[in-house]
Amino acid sequence: MTITVIGSEGSHSVGDVLRDIDAKGLIRGHFILMTADTISNANMIPLLEKHKQNVKFDKGACMTVLYMELPPNMRTGDEVTVAVDRFNNRLLTHQRQSTQRERKFSFGLEYFRLPSSAEIRHDYGDPQIAICSPTVLPLFADNFDFETRDDFIRGLLINEEILDSRIYVAELPAGEYAMKVSNWQKYKMVSNDIIHRWTHPLSPDMGIGLMKLQYNISKNLVYKNKSVQLARSSVLKGSLVIHEGSLVGEKSWISHSVVGKRCRIGNNCRISNSFIFDDVTIEDNCQLDHCVLGQGVVVKKNSTVSGGSVCGEKVTIPEKSSIEKLTVQSTPSEFFESTQKLSDSAYIVPEEEEEAGDSDEEDRDITQTKIKRMTPADPADHESDYSSSSDEDESHRASPVPEDANIFLSEVIDSLKRGFEDKSNPEFLVLEINSSRYAYNMSLSEVNFYVVQAIFHLSPLSEATGNVLAALKQIYGHLGPVLKNYIKGEAAMEDCLKAIQDLCQEKDNLKARVSQIVHFFYNVDLLSEEAIVSWYNDLGDDSTWLKEGLKKLITWFEEASSDESSE
């Protein structure tokens with residue numbers, strides 16, 4: 001394949017470029033229109049042939065837009081709501097969704113005039129790929145208000161009869177992938193998809209870039225160049241890529257990240273969900289989470305970079321710094337006078353304020369999403385603001401298969417066991433658990449449940465036959481902050497009680513002491529009296545043993561409440 005790069009001076013939009021191409025007569029046949037920041041493994045040949053068939057039967061067919069069906073609740077920032085004629089896949093309406101999760105969605109009046117054959121789809125992601133007929137270029141040339149592809153689609157749908165042009169929709173087949181990388185959050189999502197091989201054959205171990213094998217792939221999707229140097233006590237947790245010539249120091253821990261060439265990572269560092277470019281130096285005792293470090297960045301010891309922060313090339317972060325939700329560059333900004341200086345090679349770039357006029361969806365380039373930074377959780381990971389009891393909604397709920405749940409539980413047990421034995425910082429353990437959560441797509445409720453279960457799998461509690469309460473106190477003495485991080489609110493308390501119920505039912509050494517265990521969790525403020533009583537009242541007939549074991553505790557609660565009311 002030969003790639004020819006053509007410059008277009010003076011062009012400021014897709015529309016300008018296409019009008020320039022039309023004026024020069026560079027394209028005469030069907031062509032594929034896509035952005036340079038789209039990643040895809042799609043086989044375009046059958047899609048192109050399908051488009052040609054549409055043109056054969058409909059002379060006004062000018063474009064076929066490609067969409068990828070997204071999993072339930074997944075938010076990328078590029079979702080669209082479209083109405084499609086199910087008989088011929090002709091596009092009837094087109095509307096971009098908000099980048100924020102909303103309870104309400106506005107439909108225009110045109111939706112109520114649709115034919116009975118119309119199908120409304122709100123689960124499509126737009127990777128900005130379209131197959132175009134030769135008539136697309138003259139349409140852009142004749143309509144100078146068509147600046148973006150969305151302008152083109154909107155204009156044709158409004159003036160379909162006048163322009164005698166129609167747009168069709170094609171859905172990417174199962175197993176094929178396409179997504180536009182329009183911001184750092186999308187960069188993270190696509191990078192994770194590549195590591196998890198959703199874009200095969202575009203995976204790190206295929207050697208497509210240099211036509212040679214660059215990485216060895218090992219357990220838990222660790223792609224490592226053979227020249228990488230690892231200290232014996234370093235831990236590569238999983239879902240990460242380490243390029244050639246890099247070095248990882250003693251007791252450093254890396255997960256869900258990409259490390260570039262010739263990087264130096266010091267001792268006792270914690271790195272997760274981060275993207276580290278070439279020639280970066282990270283000194284001892286640093287913590288990186290959801291951040292981007294450009295080429296040649298130096299992070300001095302005892303520093304923290306998190307919250308979606310982006311450090312440009314050759315930035316030097318001073319010792320004991322805490323960088324959160326910031327953009328840092330190595331030179332003072334040319335566009336802002338009040339630039340805060342961190343060091344001679346680190347200047348904070350102020351956030352751009354959105355102007356009032358930018359809020360109008362019709363007047364801005366709506367292909368650019370509002371999500372700018374990487375966030376600690378993908379939008380799909382957030383708990384829903386509302387719940388539905390319908391069978392259909394329940395059938396679409398994203399829940400991991402049992403194998404993933406078992407793997408997640410085992411990883412949490414390993415993390416807590418190592419943290420308890422080594423007396424590690426509980427904040428690092430929370431970071432490890434959250435990384436495993438994102439890897440296996442676990443809901444917050446499931447994380448609460450399995451963290452409590454993991455506590456009871458630790459020695460000495462798992463081996464205790466007599467004084468279970470003493471063993472529980474010993475473990476809580478160090479891992480209490482981990483439990484308090486997750487057991488917050490009534491829903492989390494219910495998850496905790498369910499985990500205790502399951503454990504006591506399985507283990508005889510815990511079953512006889514269920515009342516002591518629940519009382520202990522109450523005493524350390526992990527459980528409230530209201531949550532315990534409500535859970536107790538909801539127990540079914542199959543939990544007679546549990547009701548009997550908790551009877552004295554519930555009676556004690558009731559007597560204490562009556563004494564308070566009498567006073």
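# Briefing on a predicted single-chain model

Helix α12, residues 489–506, contains 18 residues and spans 26 Å from its first C-alpha to its last, close to the 26 Å expected at 1.5 Å a residue. The expected span is 1.5 Å times one less than the number of residues in the helix. The model is predicted: local features need pLDDT of at least 70 and side-chain atom pairs count only at pLDDT 80 or more, while totals for chains, interfaces and linings use all residues. Residues are numbered from 1 along each chain as its sequence is written, and side-chain values use heavy atoms, with hydrogens and water left out.

**The chain as a whole**

- The chain holds 16 helices and 28 strands; these are DSSP runs numbered from the N terminus, with helices (H or I) of at least four residues and strands (E) of at least two.
- Of the 567 residues in the chain, 47% are buried; buried means under 20% relative accessible area, exposed over 50%, and partly exposed in between, with a 1.4 Å probe and protein chains only.
- Among contacts (heavy atoms within 4.5 Å) between residues at least 6 apart in sequence, 51% join residues at least 24 apart.

**Buried positions**

- In helix α12, the buried residues include Ala-492, Met-493, Asp-495, Cys-496 and Leu-497.
- His-51 lies in helix α2, residues 44–57, and counts as buried because its relative accessibility is 0%.
- The side chains of His-51 and Ser-133 are joined by a polar contact of 2.9 Å. A polar contact is a pair of N or O atoms within 3.5 Å; within protein, one must be able to donate a hydrogen and the other to accept it, and residues adjacent in sequence count only if both atoms are side-chain atoms.
- Leaving aside neighbours within four places in sequence, His-51 is in contact with several residues, among them His-30, Cys-62 and Ile-131.
- Asp-85 belongs to strand β4, residues 79–85, and counts as buried because its relative accessibility is 9%.
- The side chain of Asp-85 makes a polar contact of 3.2 Å with the side chain of Ser-117.
- Asp-85 and Tyr-168 are 83 residues apart in sequence, yet 9.1 Å apart in space, C-alpha to C-alpha.

**Salt bridges**

- The count comes to 19 salt bridges, each a side-chain nitrogen of Lys or Arg within 4 Å of a carboxyl oxygen of Asp or Glu.
- Arg-154 and Asp-151 meet through their side chains in a salt bridge of 2.6 Å, N to O. Because they are three residues apart in helix α4, residues 149–158, about one helical turn separates Arg-154 and Asp-151.
- An α-helix has 3.6 residues a turn, so residues three or four places apart point the same way.
- Arg-154 is partly exposed at 27% relative accessibility, whereas Asp-151 is buried at 17%.
- Lys-300 and Glu-283 form a salt bridge of 3.5 Å, N to O, between their side chains. This pair links distant parts of the chain, 17 residues apart: Lys-300 is in the loop between β21 (298–299) and β22 (304–306), and Glu-283 is in the loop between β19 (281–282) and β20 (287–293).
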